[in-house]
Amino acid sequence: MTVWVYWDNICRINNLDTFFFLPIYQPVQDGISASKIFEILGLGTNTYRLYESGEMPSVSNGRLISTIEKPVSFLSQVEASIHFLSDKEINKLTNHVKKIQEQETREWWETMFEEKIFHDHKPCEYNGYKSPDLLKVAKVISYFSNELDTYKTKVNKLLFYCDFLMYKRTAHFMTGITYKAIPYGPVPADYDKMYIKLCDDERINITQIAFKDGNYGEKNSWKGR
């Protein structure tokens, strides 16, 4: 039985997310063995060998392992094991866990901001039973920018027509946008935030166009990322 098979067994019987632990076990490829990680958990190399030979983990050991479901918990286990870990091992494990924490923080901010833009982050009746997809929005803008002058007002209407035509044909939206009603027709609920986000992500360009009457418009175009 490989380390991945018995690790999957541990996760399965303790209702844990196997895929979370894959990044934690990445240090195995960086010179930190699986048996060493079992030592960090206080389980010892003998327990590692038993699991490797096919023995299922006990409930108590499974619960111990579940305490490192979050990177910060695993980091505390590493810090408690400095008496037998080398400085090199401590640095590798600490740096790896911190990278995971940074990635989780970035993903949390991305998710929170997208929820502010789309209002309904999970598929529901308001977004046409489709999870919001900023890349899909950018690609729709890309298609129309090759065919038309894609000023913001026109893009808002085109997105609405795309999604509702898609819903008529397939029973779900194309982009996952939630729309709101205004006097001149429906528009994405927070379209200004949505376009700013797409521009910040370098997926579209927003260009201000001055008109002869003194007014101006904002033109959206695909940036090709």
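**Helix packing and cores in a predicted model**

Helices H9 and H10 are roughly perpendicular to each other, a label given to angles of 65 to 115 degrees, while angles under 35 count as roughly parallel, over 145 as roughly antiparallel and the rest as oblique. Their axes cross at roughly 100° and come within 12 Å. Axes here are lines fitted to C-alpha atoms, for helices over the stretch in contact, and angles run from 0 to 180 degrees between N-to-C directions. In this pair, Lys152, Val155, Asn156 and Leu159 of H9 meet Tyr191, Asp192, Met194 and Tyr195 of H10, contact being heavy atoms within 4.5 Å. The residues of this contact divide into 5 nonpolar, 1 polar and 2 charged; Ala, Val, Leu, Ile, Met, Phe, Trp, Tyr, Cys and Pro count as nonpolar, Asp, Glu, Lys and Arg as charged, and the others, Gly among them, as polar.

The model is predicted, so local features need pLDDT of at least 70 and side-chain atom pairs count only at pLDDT 80 or more, whereas totals for chains, interfaces and linings use all residues. Residues are numbered from 1 along each chain as its sequence is written, and side-chain values use heavy atoms, with hydrogens and water left out.

The chain has 10 helices and 4 strands, which are DSSP runs numbered from the N terminus (helices H or I, at least four residues; strands E, at least two). Along the sequence the pattern is α-α-α-α-α-α-α-α-α-β-β-α-β-β. Of the 225 residues in the chain, 39% are buried, meaning under 20% relative accessible area, with exposed over 50% and partly exposed in between (1.4 Å probe, protein chains only).

H9 (residues 152–170) also packs against H8 (residues 134–145), at an angle of about 110° and with the axes 11 Å apart. That angle makes H8 roughly perpendicular to H9. The contact joins Val137, Val140, Ile141 and Phe144 of H8 to Val155, Leu158, Leu159 and Cys162 of H9. Its residues divide into 8 nonpolar, no polar and no charged.

The largest nonpolar core has 20 residues, and Val137, Ile141 and Leu159 are among those with the most contacts inside it. A nonpolar core is a set of buried Ala, Val, Leu, Ile, Met, Phe, Trp, Tyr and Cys residues joined through side-chain atoms within 4.5 Å. Helix H7 (87–118), H8, H9 and helix H10 (191–200) each give two or more residues to this core, and H8 gives the largest share, 6 residues. A second, separate core of 9 residues includes Ile37, Phe74, Val78 and Leu85.
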